[in-house]
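Me: Please take a close look at the inside of this model. What is packed away there, and what sits around the ligand?

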Amino acid sequence: MKFISTRGAAPTLSFDEVVLAGLASDGGLYVPEALPKYTDAEWQAMRSLSYPELALHLMWPFVEGSMPRETFARMVNEAYGCFRHAAIAPVKQLGSDRWLLELFHGPTLAFKDFALQLLGRLLDHFLAERGERGVIMGATSGDTGSAAIEGCRHSAHLDIVILHPHQRVSEVQRRQMTSVLAPNVHNVAIEGNFDDCQAIVKASFLDQDFVKPHRLIAVNSINLARIMAQLVYYVYAGLRLGAYDRPLAFSVPSANFGDVFGGYLAHAMGFPIGHFVVATNANDALVRALEGDLSKKPLVQTLSPSMDIVVSSNFERLLFDLHGRDGARLASVMQAFQTQAVALDPVVVAKASALFSAAAIDDVTTCAVIRDVFETTGELIDPHTATGVAALAVAPDGMGEVVLATAHPAKFAEAVQRAGFSEVPLPSDMTDLLTRPERYTVLPNDRARVVEFVQSIMG
Ligand SMILES: *Cc1c(COP(=O)(O)O)cnc(C)c1O
């Protein structure tokens, strides 16, 4: 498979190049030039596959040409072999036509493990082949950092440096990162907020010479391999919930639009998905964008912190298709959006609303839904998942409803307690998390000090 930029002016890349690249040189994001399409009979035949078998089958056309199939199969088996549930992505029934798709059985208890367990292995493989060493740099407000660290802790060709805001992530989130004592894992607590961390990382990518001769690598959700891994569970769940018997609506707690874009890819490959519901918290950029208003609002801190964002980067990938895959046209839209709010073409908005609805859910509703779901079903859901349940109010009638449960409630104790629940036990293999030794370095909000630190760890 070849990959092209959404802005039409960057070179076409192969899979290995796109995994190592991150952003395209024209500022766009990479998308597949063309997708494989399957017939109804072919999709239905996939029902007999286990999760790793299905993942291999669906992802292989993306990867083919970059490595032998056996090598990729081994990576997929390792990536999903460390999940706590035999089904990897089990579904749980909440109501007569409503299910939870549980995506939190990976090592760090959030759906990001699905992509980052695989991405760490892909990066390690491609760097080894090139005889190079890579340095991953990322900023995290919680889930991405721990999932990336877990995905890379065994990588021989990668160092990983994750910046988090000092004393501004939850204890569980911090310890999930800082208790990984592998020699290639480096946690930095910046005396500042998440935006300060992100600014340091962004500036580092604009000025990469300081890591030479190594390669600086991004693992944020613009990496195409992450999207690829996230299309699989829509198919896995859809086949089990009767996607061929009646239309299904998937409700997706969303921020950067990476998770729901995985579902969109499955739909674009011909898998029958009736509708997507995009759930946000008070940071409602996606709700406005799907109404045609591409604009920025100040960040609001909510009880679902992994969805606290200002700009939803992967939305550009959907806009590319909605603009007839015309890179030059989209480049001018995105150029304008750099400095001002943009009103999208009504034709584009109409196309989007045929497949997507969206709703912003506030913290009060989030807590009420956590209580309500517990009272009616006995399931304790996390605050991100709760926005997905609440947003089903805007789903079309007559569809089966599937809510993506993106995190385990133990990870977000504050919200769960606010909803009126006391203890949320961690999974049994993690009960000692709060007493494990930690290693991290506190640095001032100063990029020069971070550069010094990164150079020191590279030796
Ligand atoms: C990252 C995250 C999201 C948002 O996913 P996007 O791909 O950014 O839309 C939702 N819920 C949880 C728990 C997350 O960690």
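Reply: A nonpolar core is a set of buried Ala, Val, Leu, Ile, Met, Phe, Trp, Tyr and Cys residues joined through side-chain atoms within 4.5 Å. Buried means under 20% relative accessible area, exposed over 50%, partly exposed in between (1.4 Å probe, protein chains only). The model is predicted, so local features need pLDDT of at least 70 and side-chain atom pairs pLDDT 80 or more, while totals for chains, interfaces and linings use all residues. Residues count from 1 along each chain as its sequence is written, and side-chain values use heavy atoms, without hydrogens or water.

Now the core itself. The largest nonpolar core holds 112 residues. Phe15 and Phe72 have the most contacts inside it. Take Phe72. Leaving aside neighbours within four places in sequence, Phe72 is in contact (heavy atoms within 4.5 Å) with Leu56, Met59, Trp60, Val63, Met67, Leu118 and Leu122. A separate core has 32 residues, including Leu94, Ile381, Phe421 and Leu426. In soluble globular proteins, nonpolar side chains tend to be buried together.

Helices (H or I, at least four residues) and strands (E, at least two) are DSSP runs, numbered from the N terminus. Helix α6 spans residues 143-152. Nine of its 10 residues are buried, so helix α6 is mostly covered. The buried ones are Asp143, Gly145, Ser146, Ala147, Ala148, Ile149, Glu150, Gly151 and Cys152. What lies over them? The cover includes helices α5 and α7, along with strands β5 (134-139), β6 and β7 (185-191).

Helix α10 covers residues 232-240. Eight of its nine residues are buried, so the rest of the structure largely encloses helix α10. Those eight are Val232, Tyr233, Tyr234, Val235, Tyr236, Ala237, Gly238 and Leu239. Just after α10 comes Gly242, with a positive phi of about 80°.

Asp143 leads us to the ligand. There are 15 residues around the ligand (a heavy atom within 4 Å). Lys112, Asp143, Ala255, Asn256 and Asp259 come nearest. The shell divides into six nonpolar, six polar and three charged residues. Now look at individual atom pairs. A polar side-chain atom of Lys112 is 2.5 Å from a ligand oxygen. A polar backbone atom of Asp259 lies 2.9 Å from an oxygen of the ligand. Thr406 has a polar side-chain atom 2.9 Å from a nitrogen of the ligand. How much of the ligand does the protein bury? Taken alone, the ligand exposes 390 Å², and the protein buries 97% of that.

Ser254 comes next. Where is Ser254? It lies in the loop between β9 (248-253) and α11 (258-268). Ser254 is buried, with a relative accessible area of 4%. Its side chain reaches the backbone oxygen of Val252 at 2.7 Å. Not counting residues up to four places away, Ser254 touches Val260, Val278, Ala279, Thr280, Leu286 and Met307.

Leu109 sits in the loop between β4 (98-102) and α5 (112-130). Leu109 is not a glycine, yet its phi is positive, near 70°. Buried or exposed? Leu109 is buried, at a relative accessible area of 0%. Gln167 lies in the loop between β6 (158-165) and α7 (171-178). Gln167 also has a positive phi, about 60°, without being a glycine. But Gln167 is exposed, with a relative accessible area of 71%. Then comes a cis bond. The peptide bond joining Lys212 and Pro213 is cis, with omega about 5°. Pro213 is in the loop between α8 (194-206) and β8 (215-217).

Finish with two alanines. Ala289 lies in helix α12 (residues 285-290). Ala289 is buried, with a relative accessible area of 5%. Beyond its neighbours within four places in sequence, Ala289 is in contact with Leu294, Phe315 and Leu344. Ala289 and Val394 are 105 residues apart in sequence and 16 Å apart in space, C-alpha to C-alpha. Ala341 is in the loop between α14 (327-339) and β12 (342-343). Setting aside neighbours within four places in sequence, Ala341 is in contact with Asp293, Leu294 and Ser295. The C-alpha atoms of Ala341 and Leu294 are separated by 5.7 Å, though these residues are 47 apart along the chain.

Methods: A polar contact is a pair of N or O atoms within 3.5 Å; within protein, one must be able to donate a hydrogen and the other to accept it, and residues adjacent in sequence count only if both atoms are side-chain atoms. Accessible areas come from the Shrake-Rupley method with a 1.4 Å probe; for residues, only the protein chains shown count as cover. Ala, Val, Leu, Ile, Met, Phe, Trp, Tyr, Cys and Pro count as nonpolar, Asp, Glu, Lys and Arg as charged, and the others, Gly among them, as polar.
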